[in-house]
Amino acid sequence: MQFLSLSEAIAEYVRDGDSAALEGFTHLIPFAAGHEIIRQRRRDLHLVRMTPDLVYDQMIGMGCASRLTFSWGGNPGVGSLHRLRDAIEHGWPQPLAIDEHTHAGMAAAYCAGAARLPFGVLRGYIGTDLVEANPRVRSVECPFTGERLAAVPALNPDVTILHAQRADRKGNVALVGIVGAQREAALAARRLVVTVEEIVDDFPPAMNSIVLPHWVVSAVAHCPGGAYPAYAQGYYARDNAFYQRWDEISRDRDGFHAWMERHVLGTRDHRGFLDSLEEVA
Amino acid sequence: MSAAAHDGGWTRDEMMTVAAARLLWDRCVCFVGIGLPSAACNLARLTHAPDIVLIYESGTIGTRPDVLPLSIGDGELAETASCVVPLPEIFSYYLQAGRVDVGFLGAAQIDRHGNLNSTVIGPYATPSTRLPGAGGAPEIAAHARQTFVMLKATPRSFVPRLDFRTSAGFLDGHGARAHSGARGGGPRAVITDFGILTPAAGTEELELSALFEGATKDSARAAVGWPLVVAPTVTTLAPPTDTELATLRALQSRTREAHRRPVHLPAWPAGSETRSPT
């Protein structure tokens with residue numbers, strides 16, 4: 001475990017061609033890390049995320065990805081992810097191969113990956129054309145009952161990146177609130193980078209906090225606001241108005257590019273990104 | 001049509017939400033999709049079903065949001081929940097285990113047997129419109145004891161043949177679902193903006209069984225892209241009560257205000273983004 005700046009952590013742990021899972025189910029989405037990957041112009045990534053959300057819309061639109069594994073690709077409560085759609089429908093800025101699942105299937109694939117099992121099993125994908133669309137969704141016979149069950153290959157990302165509320169000074173990481181499949185994605189990965197709101201001496205008591213012990217963490221980067229415009233429970237709320245504005249910002253290629261140039265490529269780090277949004281407001 | 005106020009002072013959108021809410025009962029365990037289903041489920045909770053257990057796929061169980069969430073995982077859902085569990089747990093230990101009474105789904109397309117498409121318009125490999133995709137829907141459709149579907153009717157959404165079957169209804173009907181391995185009962189009602197369709201015994205084809213006040217069988221037939229069967233008895237649904245309308249409008253008004261509220265980030269501490277915190 002190392003404490004690094006976010007730019008150092010991305011430079012060291014995210015490589016061209018990697019499979020990379022920036023997880024966080026609506027909550028604790030590692031936006032700052034995604035932006036830093038865009039700044040460092042990583043290419044040919046295989047992006048993995050249950051809900052691509054705005055962070056992958058941005059990374060795909062900026063040409064970071066050649067493949068996407070996902071289970072729901074919309075702007076939650078708003079509509080389409082226009083950059084994701086443009087990549088799938090028109091191959092812009094480059095073709096994007098997709099490996100599409102259901103939430104339950106992808107959760108099973110992360111669980112298998114965390115346990116270093118070859119596949120996940122579930123009673124799922126029943127009566128859906130996804131089975132024809134995705135050759136990785138197969139079936140297996142239960143050796144005890146003979147029942148046919150769905151099987152999905154384990155997900156083991158080269159690197160998983162999370163955002164969490166806190167790390168302590170040893171690099172143990174604690175996250176609370178809606179925790180999605182972050183624990184599974186973290187333990188399935190070969191390398192694990194975590195950005196945090198705060199570095200503390202001791203974690204506050206929490207009933208259902210998930211703690212990732214320091215020896216499974218590759219690097220921790222202190223990055224306050226690192227989930228914005230998603231949120232960090234206890235620190236700041238989801239910027240629902242921004243999610244609504246993104247529909248317009250991302251709708252056409254030029255407008256999207258201008259926004260990314262100004263707020264991501266044109267800023268040095270996440271603090272610069274947040275400051276640049278203040279200037280607009 | 002749906003946005004305009006109806007003669008009685010309510011819109012068809014509102015009536016759709018009210019009609020869906022009335023199908024829910026107190027203490028039922030309901031897996032909620034975002035959008036219209038979320039409004040209907042919370043309207044039920046705020047009116048006749050105060051102890052309904054609402055589950056959102058983000059892992060929030062027994063949530064009682066004061067405003068409707070924009071996303072499936074807004075902080076409001078976690079803060080007002082009885083408990084919050086990891087996502088693999090909500091899908092495997094609750095949904096797959098058969099612990100959900102009602103699954104509430106939306107879609108872009110539905111066919112006469114209640115199968116749903118939320119994946120693509122056009123061919124899968126070369127879609128004319130790429131939609132968000134499956135999310136939790138296929139397993140909700142398979143495992144909830146019953147499902148309710150909410151979808152506004154146009155010939156583009158109520159289609160003779162789906163471009164892609166994302167989630168199973170009754171498949172080809174005539175008992176096909178029972179042999180599919182799906183353990184839940186499938187769609188029990190489709191709530192649309194002229195009334196309600198329910199599956200016929202035997203064929204399992206959706207037929208018109210209830211109309212909103214002011215809607216006609218002919219307008220229903222015109223809005224559906226297959227020859228719509230009309231049930232032997234078609235009831236007329238009572239219009240929204242004053243309480244239902246006032247509760248729904250107040251909920252939506254609180255929601256609009258909350259989603260506009262500016263977000264304040266904590267002040268940036270001096271010396272952050274340095275190599276070591278010690």
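Which residues does Met59(A) touch, not counting residues up to four places away in sequence?

1. Contacts of Met59(A). In this predicted model, Met59(A) touches Gly34(A), Ile37(A) and Ile38(A), and also Leu47(A), Cys64(A) and Ala65(A), with residues up to four places away in sequence left out of the list.

2. Nonpolar core. Met59(A) is among the residues with the most contacts inside the largest nonpolar core, together with Tyr110(A), Val194(A) and Cys30(B). That core has 166 residues. Helix 5 of chain A, residues 103-114, supplies the largest share of this core, at nine residues.

3. Contact between the chains. Chain A puts 61 residues into the contact and chain B puts in 54 residues. On the side of chain A that touches chain B, the elements giving two or more residues are helix 4 (82-90), helix 5, helix 6 (130-133), helix 7 (182-188), helix 8 (240-249) and helix 10 (270-280). The largest share of that side, four residues, again belongs to helix 5 of chain A. By residue class, the side of chain A that touches chain B splits into 29 nonpolar, 19 polar and 13 charged.

4. Confidence. The scores for the model are ipTM 0.96 and pTM 0.96. For chain B, the average pLDDT is 93, and 93% of the residues score at least 70.

5. A stretch to treat separately. Over residues 273-278 of chain B, pLDDT stays under 50.

Note on methods
Residues numbered from 1 in each chain as written. Chains lettered and ligands numbered in written order. Predicted model: local features only at pLDDT ≥ 70, side-chain atom pairs only at ≥ 80, totals over all residues. Core = buried A, V, L, I, M, F, W, Y, C linked by C-beta atoms within 7 Å. Buried ≥ 20, exposed ≤ 12 C-beta atoms within 10 Å, placed from the backbone. Contact = placed C-beta atoms within 7 Å. pLDDT = per-residue confidence, 0-100. Nonpolar A, V, L, I, M, F, W, Y, C, P; charged D, E, K, R; others polar.
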